Amino acid sequence: ADFLRTLSDNDISSGIGEIIKIFGIYGREKFLELKKDYPYLRNDFNLLQKYIRGSLLLKKLIIEIDEFDKNERLVLNYGHTFGHAIEASTNYVIPHGIAVSMGCDFANFVSMKMGYSDGSTYELMNEISRENYKNFKLASFSENVFFNSIYKDKKNVDEKLALIIPNN
């Protein structure tokens, strides 16, 4: 908890962005728990530590199942394709965890629009995602850099775009 006190609000928001992603992966029940506790995370570092630990434990479990990033571990890339594109298109003004949080929001929206989800994931996660990144604006956003980043993403295979998006 002492270390968390040394971080800036932007760093805390960035870390919470990663927590939002991981708890989105955990599933609805765990995400609802996070959503209930979200308003207290910035003021209760013991509670924040609980969510950091939970995030790390899930990541560890997934990595142990798929050490070489071929199957289950790919889910950890959720939000990252869009997130990396957001970072690049804003000249890295948006911190990584915030960009990932925005990227999850993008992925949830795209999933809903493409018919892979009924929109419940987007609705569930959008409120706290937006709250977490509300102080970050895409003011100097470059569409060209954004789309070039998406098409150059390391997860793409040959000429095919590979996105990690939720399916309800």
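The lining of the largest cavity holds five nonpolar, four polar and no charged residues. Here Ala, Val, Leu, Ile, Met, Phe, Trp, Tyr, Cys and Pro count as nonpolar, Asp, Glu, Lys and Arg as charged, and the others, Gly among them, as polar. The model is predicted: local features need pLDDT of at least 70, side-chain atom pairs count only at pLDDT 80 or more, and totals for chains, interfaces and linings use all residues. Residues are numbered from 1 along each chain as its sequence is written, and side-chain values use heavy atoms, without hydrogens and water.

**Cavity**
- One cavity of 30 Å³ or more turns up in the whole structure (on a 1 Å grid over the protein atoms alone, a set of points where a 1.4 Å probe fits but cannot get out; lining residues have an atom within 4 Å of a point).

**Loop between helix 5 and helix 6**
- Asn-91 sits in the loop between helix 5 and helix 6 (96–114).
- Phi of Asn-91 is positive, near 55 degrees.
- Asn-91 is exposed at 64% relative accessible area (exposed means over 50%, buried under 20%, partly exposed in between, with a 1.4 Å probe and protein chains only).
- Tyr-92 lies in the loop between helix 5 and helix 6.
- Its phi is positive too, about 65 degrees.
- Tyr-92 is exposed, at 55%.

**Leu-161**
- Leu-161 falls in the segment after helix 8 (143–151).
- With 39% relative accessibility, Leu-161 is partly exposed.

Definitions and conventions:
On a 1 Å grid over the protein atoms alone, a cavity is a set of points where a 1.4 Å probe fits but cannot get out, and a pocket is an open set with protein on both sides within 12 Å along at least five of seven lines; lining residues have an atom within 4 Å of a point. Grid points are joined across faces, edges and corners, and a volume is the space filled by probe spheres set on the points. Helices (H or I, at least four residues) and strands (E, at least two) are DSSP runs, numbered from the N terminus.
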